[in-house]
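Here is a short report on a sheet and the helices around it. Please look over the model before reading on.

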Amino acid sequence: MSQDKKDHTLIENDDAPIVQFIFYLYSFGYSDKKIALLLNESNVKSPSLESNWSDSTVRYILNNLWYAGDLVWFSRSSYENSKAKPIEERFLFPNHHKRLISPQLWATTQFLRSKKKNKDRMDSPFVLRDIVLCVKCERKLAVKNMTPAKAKKNYQYYYCKTCKRKINLEELHSYVFDDFTGRWGRELNNQTRTIKGIYSEWKKTIEAKSAENKSNVDKLRYKLSFVKPENEFYEDIKESFTLQIKSVEEERTKLLNVLEQIRVLSEYGEPLELISRFKEDIYKYNNEEKRSIFLIAIKEISIDFIRKNFIEINYRLTPFVEVETTIDKLNNKKDEVSI
Ligand SMILES: [Zn+2]
């Protein structure tokens, strides 16, 4: 739609800003449906000129890797099977053509897409749900709206299903919003400086893990070479080794994909377009915008009901939630022996 494919060269046309606008809206928490509504209300022409924008047209654009500038190879499961492969299993050739969407914006929209698969309602007033934890019970807080019909005041709570303690929505939100505002006022310049160091730490973690995987595959192959075909359990042993090798190799492919993502993110420069939204007055954003901002800025908020609702906020190092989560998992797994 915004680029025409002809002999593998792409020509940008006038629709590029619309595509960029769609990605931008999605990264701010808007649903496919709401984006389609907005485009129709603004009389923006849809790709199929005779009909209006629909949520599926918007979704198609948001999942189209062409806009991220990466040529997707092997994007089908097989020649006979046209079912699309999950993105993490695709092989990417970055910078094949000029990208319309920054890798940062792409990563954010993909993260929000996966979040919404779990039925996340971005426009709910409980913008911090699933992020808040009861320290004592080590459990995520549930939410409850106990506002009676026609009531002038809201009675909305985050509460712990185990210890039954609760905190008022306004009390929690005003604490978190103020802390968030103060933090980004102080640390914004720091963030863009430290991010390069973070990328390089991430690369080291993945490279180490990937080397470990490779050596594990070699060890498995070596061990298998000692099993004699005459052995009565040869077929079973061989199958078991083959499965283990396959699983380690699959993990390694995933790691190499994450490494590739980190390379693209780091080469593209600072994630200014994401971080700059933290600078604005958080109170001015609507619920879905607030929700999207907190999801990419905060890892976890813990509340200690016994210490007079003492609140602690664990901010993310970067806005790239999925990469950060992978690295956290790898760092936590270090003590485990994989084979
Ligand atoms: Zn509790």
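## Terms and model

Two strands count as paired if DSSP finds at least two bridges between them. Strands themselves are DSSP runs of E, at least two residues long, numbered from the N terminus. The model discussed here is predicted.

## The sheet

A142 stands opposite Y159 in β8. Four bridges join β7 to β8 (residues 156-159), and the two strands run antiparallel. They belong to an open sheet of three strands, ordered β7-β8-β9, with antiparallel pairing. The edges are β7 (142-145) and β9 (166-168). Each has a single partner strand, so one side of each is left without a neighbour in the sheet. On average, neighbouring strands are turned by 30° against each other, direction ignored.

Strands of a sheet pair through backbone hydrogen bonds.

## A helix across the strands

Helix α5 spans residues 169-225. It lies across β8 and β9. Its direction is at about 70° to β9.

## Where α4 meets α6

Helix α4 covers residues 103-117, and helix α6 covers residues 234-268. Their axes come within 9 Å and cross at roughly 135°.

Which residues of α4 and α6 make the contact? From α4 come P103, Q104 and A107. From α6 come V264, L265 and Y268. Five residues of this contact are nonpolar, one is polar and none is charged.

Definitions and conventions:
Residues numbered from 1 in each chain as written. Predicted model: local features only at pLDDT ≥ 70, side-chain atom pairs only at ≥ 80, totals over all residues. Axes fitted to C-alpha atoms, helices over the stretch in contact; angles between N-to-C directions. Contact = placed C-beta atoms within 7 Å. Nonpolar A, V, L, I, M, F, W, Y, C, P; charged D, E, K, R; others polar.
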